[in-house]
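Here is a short briefing to read alongside your protein. Please keep the sequence and the 3D view open as you go through the points.

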Amino acid sequence: MATATTIKYEPVIGLEVHVQLKTKTKAFCSCKVEFGAPANSHTCPVCLGLPGALPVLNKEVVTLAIKVGLALNCQIAHRIKFDRKNYFYPDLPKGYQITQYDGPICFDGILELPIHDASGAPRNCRVTRAHLEEDAGKSIHLEGSTLIDLNRAGTALVEIVSAPDLRSAEEAHAYLTTLKRNLSYLDVSELSMEKGSLRCDANISIKPEGAIKLGTRVEVKNMNSFKSVASAIRFEIERQTKVVSAGGTLHQETRLWDEDQLCTRAMRSKEEANDYRYFPEPDLSWFNIDRKWVEQIQSSLPELPEKRLLRFLDDYKLERGEAEFLVSERELAEFFEHAVKLYQKPRKVAAWVAGEFSHAMQERAIGVKGLKITPAALIGLMDLLDAGKLNNVTAKEVFAAMLDSGEDALAVARRLNKLIEQDSGAVDKAIIEVMLEFADKAVADYKAGKDVALGFLVGQVVRKLKGKANPKEIAPLLTKAIRG
Ligand SMILES: [Zn+2]
């Protein structure tokens, strides 16, 4: 008989992602959408919830939501309606939020994740729905009082709800990165967790391995990065497993992630917040979504990452990891393809972009757009390397300087005095000096058959020439000199 301690538990995770749509005006009024504007400067009777004001649907909101749905491989509804979700909160002046309850605009989607199961098949996560809704305002808590800014009230959101298909913090992280990647190709949102245009809540439960019935679900909020989402999930899995293994009971509740203490804390029990009393929004009529319109939107989309990944693997014969990295950002993929057109050695370009380039982006915490280098400039650098004017070490130094100054490779190489000149006199002199200096050690070792000693000696010669030498050319000269 199994005892409590021998039961293995399996986590079940579903994610809710809110994406703020990049529209010029709000979802149901003509107030401007602008981040960081003076408080309450973009408000009107509609978004202030004044009596008698009537909402009018902004068609652009529907267009962007359809794009989101298509990028998540969703079905698009033929007609949509809106519902009121009733709750009282100071930053919700109407006393209800306009949302979509039982008829989301997008549904039944799927995302292929860049992780694989034990059999090597890619893991998928279903997207249950993506619905439209309006955002609330912002409460700003100061000492002893709370201020309300309603600029955000009524701005358009898409809430994307995954199926409970995710089984670990790593899978949840992969789902979020894939989701963000796909949406980044559309230009429908800033997708910034810091600015709040991308928000994520996680629903986490555990069940005995193989069991069909799901366990009690806990909702975790307040994560401000994908890394925090993964940490919060890890913490919750461990906490819930401990409670249940000790014979305790879990409660359905909402918990907040505490980034300083790296733990979740109980916020409110779900029971009291459960009854939102949804009912159809009487001020907005049904809205038809014509198939021709959906087709037009579909054909206006750029090539999406999943398709682009397959094409990169096929056309350019890249490693899967490299190709996945290159399609992870639309600008990065476009930079790569532009560079390949100029150079025609895709694998070499991919190695640079996935190597030095990605390193620089991580170090500076910026995207491709923030790096002051063009595809032509990168190819200029690779040409110098091919021509033997730079070696692998100096090419990286020149690259780093190009990122800062935006100059081309030749200008930087000249300015830093890194260009290799064919000065055979200087090379011969350096070789002789190194041979004398290391006559008893590395030179003797090499003569005794230790081939690795040659690499060291070549390095010393290149150093004497202040990096202005190509190790591939030095090696045979040095071998010849040693062997006499
Ligand atoms: Zn307004």
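This is a predicted model: local features need pLDDT of at least 70, side-chain atom pairs count only at pLDDT 80 or more; totals for chains, interfaces and linings use all residues.

Helices (H or I, at least four residues) and strands (E, at least two) are DSSP runs, numbered from the N terminus. Residues are numbered from 1 along each chain as its sequence is written.

**Met402 and its surroundings**

- Met402 counts as buried because it has 24 C-beta neighbours inside 10 Å. The cut-offs are these: a residue is buried if 20 or more other C-beta atoms lie within 10 Å of its own, exposed if 12 or fewer, and partly exposed in between, with C-beta atoms placed from the backbone.
- Beyond its neighbours within four places in sequence, Met402 is in contact with Ile373, Ala377, Leu381, Glu407, Ala409 and Val412. Being in contact requires that the C-beta atoms of two residues, placed from the backbone, lie within 7 Å.
- From Met402 to Val443 the C-alpha distance is 38 Å, and 41 residues separate them in sequence.

**Helix H10**

- Helix H10 (residues 375-386) has 12 residues, which should span 16 Å at 1.5 Å a residue, and its end C-alpha atoms agree at 16 Å apart. The expected span of a helix is 1.5 Å times one less than its number of residues.
- Buried in H10 are Ala377, Leu378, Ile379, Gly380, Leu381, Met382, Leu384 and Leu385.
- The cover over these buried residues of H10 includes helix H8 (330-343), helix H9 (346-364), H11 and helix H12 (409-415).

**Helix H13**

- Helix H13 (residues 424-437) has 14 residues and reaches 20 Å from first C-alpha to last, close to the 20 Å expected at 1.5 Å a residue.
- Which residues of H13 are buried? They are Val427, Ala430, Ile431 and Val434. These residues lie on the same side of H13 because they cover an arc of only 100° around the axis; the arc is that of the directions from the helix axis to the C-beta atoms.
- Gly425, Asp428, Ile432 and Leu436 are exposed on the other side of H13.
- Helix H15 (452-464) and helix H16 (471-483) are among what covers the buried residues of H13.

**Domains and their contact**

- The chain is assigned domain 1 (4-292), domain 2 (302-415) and domain 3 (424-483); such bounds come from an automatic or database domain assignment.
- The C-alpha centres of domain 1 and domain 2 are 36 Å apart. Their contact takes 7 residues from domain 1 and 8 residues from domain 2.
- On the side of domain 1 that touches domain 2, strand S6 (106-116) and helix H2 (169-184) each supply at least two residues. H2 gives the largest share of that side, 3 residues.

**Nonpolar cores**

- A nonpolar core is a set of buried Ala, Val, Leu, Ile, Met, Phe, Trp, Tyr and Cys residues joined through C-beta atoms within 7 Å.
- The largest nonpolar core has 68 residues, and Ala65, Val68, Ala130, Ala172, Tyr175, Ala202 and Ile233 have the most contacts inside it. Helix H1 (residues 59-71) contributes the largest share of this core, 8 residues.
- Ala65 touches Ile105, Cys106, Ala130, Leu132 and Val158, leaving out residues up to four places away in sequence.
- A second, separate core of 51 residues includes Leu309, Val340, Ile379 and Val458.

- Asp108 sits in strand S6 and counts as partly exposed, with 15 C-beta neighbours inside 10 Å.
- Not counting residues up to four places away in sequence, Asp108 touches Cys74 and Gln75.
- Most residues other than glycine have a negative phi.
- Asn73 is not a glycine, yet has a positive phi of about 55°. Asn73 lies in the loop between H1 and strand S2 (75-76).
- Leu262 is not a glycine either and has a positive phi of about 55°. The place of Leu262 is the loop between strand S13 (253-258) and strand S14 (263-269), and Leu262 is exposed, with 12 other C-beta atoms within 10 Å.
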